[in-house]
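Grab your viewer and follow along.

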Amino acid sequence: MLRRRRRRLLAGGVALLLLALLPLPIGDVYTLNLLILTLLYVGLSQAWNILGGYCGQISLGHALYFGAGAYVSTLLYLHLGLPPSLGLFAGGLVAAVLALAVGWPCFRLSGHYYAIATIVVAVIFYLLALNADFLGGASGVYIPFKGDSWVALQFRTSKLPFVYLALAYAALVWLLAWIMEGTRAGFYWRAVKDDPIAARSLAVRVLPSKLVAAGLSGFATGVGGAIYAQYVGYIDPDSVLAMPLSILIALPAVLGGVGTLWGPLLGAALLIPLSELSRSYLGGSGHGVDLMLYGGLIMLVALWRPEGLLGLFARRGGAGTHAGTA
Amino acid sequence: MSLAAVVQMLLSGLLMGLIYALVAAGLSLIFGLMDVVNFAHGELLMLAMYATFFLWRGTGIEPLLLVPVVAILLFGVGMVIYRTLIARALGVRANRGMVQIFITFGLAIFLQGAAQFAFGGDFRSIGHSLLANRTVAFAGVYLPLPQAAAGVVCLLAFAALLLIARTEFGRALEATREDREAVALLGIDRDRIFALGWGLGAASVGVAGAMLAGFYYTSPDVGANFALIAYVTVALGGFGSLAGALLAGVLIGEVEAVTAQLFDPSLKQVGVLGVYLLVLLVRPRGLFGTL
């Protein structure tokens, strides 16, 4: 067990090193943009995975925590001058508090009831944000550029700093998942996921376990939202709070393999470039082919590899030990 | 606010609520039968609306007469979706709950893209028909005829669903809902019942969509809002309960109309969703749910 955990950490370190070298030969701005978005979603989906995968609570409202992080860090910067390198922690904290506030009543619901409740809460905040003047309403908020800086997390001359920022984010969320896998809470999560009633009978405190997962997941998602806001320089309810974003955050983990360390990485590496490329080559004129491809891929993977694409790499007979059986 | 304005508000809430109720009934039927939430439910509504629009434009037949045609069409679509996707999703070995959620999400995205591809992004509406743009005025209250007809047809569809529940097939549905394993021993083909359940659920949306097309713009993404309200209606009424769907649908129509009137039309959904959350806190299984 311990040796396996150490091997995984080592593998994570190797992956980090390789990914750090990856952007160096790339000069093309479009490809770098793709890399940044993919790395960002590796982190976001791993954050979702903590609650949805390890703990088994399928949230379809993570856009709320993403948007909270984006708006909080942006507004603190614009109104109080707090640099986003600190503001992202504030954004993460607000997102974590929101995740706890959503989780406390909703965790009493199981299965589909919970999933629908998370959608509804996120949509309420989306609709309120559309009508909230202090958030810029439907027209959104621009973040003014004041020169390249690691303090303000703004870079215009090169995309490389954002690659490393996104990589650091993805790596830290991965590390968080790795740490939690070995803690008591991590074991509780898997018990809660597999059979909440049996877990309770074994003195697992179900609600607190779920709340810990929600808080960590919300925090990490919020930080991702703040980084995204700095990268794009403009946020509005449609880009940081809308329902399709909730699905996009969950999908890499689902396609790659839920409740695993490598699932979100594998899923994002496949899904994000595919969806970006098909959108720019096929979706520009609104033909809908990009959506057909995207939806078709989801159906295909869900039916063909229900345990996620990671199952392809698992040793024979060992598959599914970590994909879980729900 | 004058009395006429209050009656007007409640009336429009009731008529919209009946549509919501019928859309939700289809969702509730499928969920009650096999524990699957159809996240592509709004897209079935969209398909029904397009079918009505193009049948009307192609043949010039009165949209009201097209309702049974669209219902039968959607019945077929529902059966096909069950046979090609859902039956397989029910049979997977790992992550069954998650596969069910994401398979219907994938279908929803696919159907939206397909509609965009086939019909373009334009808003379509049925311009002239027996009822289009006509209203009846009574004591200062205006009753738009397409909405009124939609309300009546939705009530008839509910009556039909309740009648079906009393037939041999309806009893087989109920038995399958109660205990999937036991019915197999009684010689009931579960797979066939599930397929017919999907057909019936989709046909309900078909009727709602055919009526909705008479007074609402049709576009590839028209389903999203109606689907969200349908999930809320079903959760509010209690999953699997027909009477619950009807009452919750009307309640939601009224809450929406009152919120739009008292606050701001752009906030009408916030009122609906807020009421849902409130009920959830007090009674997690919904008004009529038997958890």
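## Cavities and the chain contact

There are 3 cavities of 30 Å³ or more in this structure, which is a predicted model. Rolling a probe the size of a water molecule over the atoms is what shows where empty space is left.

Start with the largest cavity, at about 120 Å³. It is lined by 13 residues, and those closest to its centre are B:Pro63, B:Leu64, B:Leu131, B:Met211 and B:Gly214. Three helices of chain B, namely H3 (63-90), H5 (145-166) and H8 (190-212), each supply at least two residues of this lining. The largest share, 3 residues, is from H3(B).

Next comes the second largest cavity, with a volume of about 70 Å³. Its lining draws on both chains: from chain A you'll find A:Val254, A:Leu255, A:Val258, A:Val301, A:Ala302, A:Arg305 and A:Pro306, and from chain B there are B:Asn95, B:Met98, B:Val99 and B:Phe102. Two or more residues each come from helix H11 (243-256) and helix H13 (289-304) of chain A and from helix H4 (96-119) of chain B. Here H4(B) gives the largest share, 3 residues.

Here's how the two linings look by class:

| Cavity | Nonpolar | Polar | Charged |
|---|---|---|---|
| Largest cavity | 10 residues | 2 residues | 1 residue |
| Second largest cavity | 9 residues | 1 residue | 1 residue |

Now for the interface itself. How many residues does the contact take from chain A and from chain B? Chain A puts in 44 residues and chain B puts in 46 residues. The size of an interface is often given as the accessible area lost when the parts come together. For chain A and chain B, that buried area is about 4,000 Å², with carbon and sulfur atoms giving 80% of it.

What about specific polar pairings? Across the interface of chain A and chain B the rule finds 0 salt bridges. It does find 2 residue pairs in polar contact, both at pLDDT 80 or more.

On the side of chain A that touches chain B, helix H2 (29-54), helix H5 (111-131), H11 and H13 each supply at least two residues. H5(A) gives the most, with 13 residues. Sorted by class, this side of chain A has 33 nonpolar, 9 polar and 2 charged residues.

One thing to look at in the viewer: H11 and H13 of chain A turn up in the lining of the second largest cavity, and H11 and H13 also supply residues to the side of chain A that touches chain B.

Technical notes: Residues are numbered from 1 along each chain as its sequence is written. Chains are lettered from A and ligands numbered from 1 in the order in which they are written. This is a predicted model: local features need pLDDT of at least 70, side-chain atom pairs count only at pLDDT 80 or more; totals for chains, interfaces and linings use all residues. Side-chain values use heavy atoms; hydrogens and water are left out. On a 1 Å grid over the protein atoms alone, a cavity is a set of points where a 1.4 Å probe fits but cannot get out, and a pocket is an open set with protein on both sides within 12 Å along at least five of seven lines; lining residues have an atom within 4 Å of a point. Grid points are joined across faces, edges and corners, and a volume is the space filled by probe spheres set on the points. Helices (H or I, at least four residues) and strands (E, at least two) are DSSP runs, numbered from the N terminus. Ala, Val, Leu, Ile, Met, Phe, Trp, Tyr, Cys and Pro count as nonpolar, Asp, Glu, Lys and Arg as charged, and the others, Gly among them, as polar. Contact means heavy atoms within 4.5 Å. Buried area is the accessible area (1.4 Å probe) that two parts lose on being put together, summed over both. A salt bridge is a side-chain nitrogen of Lys or Arg within 4 Å of a carboxyl oxygen of Asp or Glu. A polar contact is a pair of N or O atoms within 3.5 Å; within protein, one must be able to donate a hydrogen and the other to accept it, and residues adjacent in sequence count only if both atoms are side-chain atoms.
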